[in-house]
Amino acid sequence: MAKLKSKWVCQNCGYESFSYLGKCPECSKFSTFVEEIIQDKTEIKSKNSSMNIIKSENSGYTKIRDVKIDKTVRISSKMEEFDRVLGGGFVEGSLILLAGDPGIGKSTLILQAAKNLSEQNKKVLYVCAEESTSQVKIRAERLNANSDNIYLTQQNCLEEIIKQTEELKPDFLVVDSIQSVFSANILSSTGSISQIRECTNIVMRIAKQHNITTIVIGHVTKEGNIAGPKVLEHMVDAVLNFEGERYKTTRILRGIKNRFGAISEVGIFNMEDGGLVEIKNPSELFLSDREINTTSGSTVIPTIEGKRCLLLEIQALTGATPYPNPRRVARGVEYDRLLQILAVLEKRVGLNLSKQDVYINVIGGIEIEEPAADLGIAIAVLTSSRDITTNKETVCMGEIGLSGEIRSVDNLEIRLKEARKMGFKKAVIPYISNQTIKERLDKIGIKLFEVKKIVDAINFIVN
């Protein structure tokens with residue numbers, strides 16, 4: 001009997017080698033290589049040809065002007081926060097990857113959506129690849145998702161899942177999770193790079209050919225990245241990440257990729273006994289625990305997430321360090337961005353932080369990526385260092401340049417309207433040269449303080 005040929009595949013990035021490597025030359029990770037059998041190409045072709053899922057129902061070409069678009073292509077999940085991230089609802093025939101930490105509530109979210117879809121006479125097939133059907137039933141009873149349109153199958157073999165899908169002809173297919181599904185035509189072990197890539201590829205063809213909206217639940221690594229090859233994220237139509245701290249009830253659904261809508265949209269939920277509850281006014285949630293008499297080291301900034309504005313509290317704490325190198329800790333903001341802001345404060349303002357630890361925290365677990373938060377971070381650090389109390393009715397926004405100038409930010413009108421709605425009366429904003437824009441902003445009903453330099457903003461806060 002001929003010896004089977006094998007290769008070594010990095011389980012982090014998919015790099016292939018014909019010998020074992022301790023460190024991957026592609027992603028620089030250690031001990032990530034796993035041996036996989038190389039299958040004969042003729043054998044793969046013969047197996048694929050016997051599978052009817054590979055056959056294409058569409059052939060030839062069509063003029064783009066002749067392509068008909070179904071006006072009912074969007075299907076609502078009846079959860080506004082979920083639909084917001086999806087871009088208006090599920091798109092028929094789309095493939096969606098939902099990832100998140102274990103126990104964060106991915107299955108709960110999808111089962112709630114399945115319940116709402118079943119009430120719209122949509123047939124849902126839920127593949128229980130990790131749990132038994134009785135375990136899913138317990139969760140369904142808690143969520144009151146006992147519908148005749150929801151079907152469960154406890155199956156790991158992809159070929160069997162395909163057969164059941166063709167027999168049932170569901171409108172929605174849920175695979176929980178893709179790392180637990182295997183194809184009998186692939187010799188590598190379940191959860192390997194080859195299995196995840198090929199199984200997702202076949203599921204994608206099923207979704208497109210039979211117009212079945214498919215939701216694939218995926219695991220994440222300890223670094224927070226989606227497990228499996230990076231090509232997995234390129235194959236699907238949308239990548240959603242479900243985030244949150246295990247010991248807090250707030251959950252955030254973030255769109256990382258979406259072919260049918262805007263990215264960086266967020267949906268915010270609260271995990272309760274009866275399932276996930278939508279939070280319609282997240283700014284009120286994030287500011288609910290803010291002290292009435294604001295202490296030093298606290299500012300409120302309006303930040304844009306997708307198409308919505310969120311008011312977030314940024315807290316800073318500074319203190320003398322007993323160590324030669326002071327600590328810089330950033331939660332919710334980019335670490336390098338914090339270092340840049342601290343450098344500007346030292347150079348342009350004269351604030352000496354070389355012997356002080358600096359801690360920054362964004363309340364609510366939101367990650368702020370836009371530079372409009374720079375001014376809020378700088379004010380929080382300064383007031384903490386000098387022990388100055390800020391005005392609780394003031395919001396700050398603006399990007400800080402290296403020379404200490406305050407640069408303009410986008411969507412200024414949206415930010416100010418949200419601040420006014422939440423009861424704020426003053427706003428520190430970048431200088432506006434356009435008189436028309438200034439007149440429009442004045443009508444919002446919030447007092448504006450325009451600043452050109454960070455020193456100007458500090459003088460206003462101090463005085």
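A residue counts as buried under 20% relative accessible area, as exposed over 50%, and as partly exposed in between, with a 1.4 Å probe and protein chains only. By that rule Asp-237 is buried, because its relative accessible area is 3%.

This is a predicted model, in which local features need pLDDT of at least 70 and side-chain atom pairs count only at pLDDT 80 or more, while totals for chains, interfaces and linings use all residues. Residues are numbered from 1 along each chain as its sequence is written, and side-chain values use heavy atoms, with hydrogens and water left out.

Start with the overall layout. The protein chain has 463 residues, and 48% of them count as buried. Its C-alpha trace spans about 80 × 50 × 50 Å along the principal axes. The chain contains 13 helices and 23 strands. These elements are DSSP runs numbered from the N terminus: helices are H or I with at least four residues, strands are E with at least two.

Salt bridges come next. One is counted when a side-chain nitrogen of Lys or Arg is within 4 Å of a carboxyl oxygen of Asp or Glu. The structure holds 20 of them. Asp-237 takes part in one, with Lys-208 as its partner and 2.5 Å between the closest N and O atoms. Asp-237 sits in the loop between helix 7 (231–235) and strand 11 (238–243), and Lys-208 sits in helix 6 (residues 193–210), so the pair ties together parts 29 residues apart in sequence. Asp-237 is buried at 3%. Lys-208 is partly exposed, because its relative accessibility is 41%.

A second bridge joins the side chains of Arg-254 and Glu-243, at 3.3 Å from N to O. This pair links distant parts of the chain: Arg-254 is in strand 12 (residues 250–258) and Glu-243 in strand 11, 11 residues apart. Arg-254 counts as buried, with 12% relative accessibility. Elsewhere, salt bridges that share partners join Glu-81, Arg-84 and Arg-308 into one network.

A further bridge brings together the side chains of Glu-131 and Arg-139, 2.8 Å apart from N to O. Are these two residues buried or partly exposed? Glu-131 is partly exposed, because its relative accessibility is 21%. Arg-139 is buried, because its relative accessible area is 14%.

Now turn to charge on the surface. Glu-334, Asp-336, Glu-367 and Glu-369 gather there in a patch of negative charge. Patches are made of residues with over 30% relative accessible area and no salt bridge; like charges are joined within 9 Å, and nonpolar side chains (Val, Leu, Ile, Met, Phe, Trp, Tyr) within 5 Å. Accessible areas come from the Shrake-Rupley method with a 1.4 Å probe, and for residues only the protein chains shown count as cover. Glu-367 lies in the loop between strand 18 (356–362) and helix 10 (374–386). Glu-367 is partly exposed, because its relative accessible area is 40%.

Helix 10 also holds Ala-378. Ala-378 is buried, with a relative accessible area of 2%. Between Ala-378 and Ile-341 there are 37 residues of separation in sequence but 6.4 Å in space, C-alpha to C-alpha.

What of the cysteines? A disulfide is a covalent bond between the sulfur atoms of two cysteines. Here the test is a pair of cysteine sulfur atoms within 2.5 Å. The structure holds 0 disulfides. Cys-396 is in none, and the nearest cysteine sulfur, that of Cys-309, is 14 Å away. Cys-396 is buried at 3% relative accessible area. Cys-10 is also buried, at 0%.

Finally, check some backbone details. A cis peptide bond joins Asp-176 and Ser-177, with omega about 5 degrees. Ser-177 lies in the loop between strand 9 (172–176) and helix 6. Asn-144 has a phi near 60 degrees, a positive value in a residue other than glycine. Asn-144 is in the loop between helix 4 (133–142) and strand 8 (150–153). Asn-144 is exposed, with a relative accessible area of 54%. Asn-411 has a positive phi too, near 55 degrees. Its loop runs between strand 21 (406–407) and helix 11 (412–421). Asn-411 is partly exposed, at 40%.

Notes: Lys and Arg count as positive and Asp and Glu as negative; His and the chain ends are not counted. The place of a charge is taken as NZ of Lys, CZ of Arg, CG of Asp or CD of Glu.
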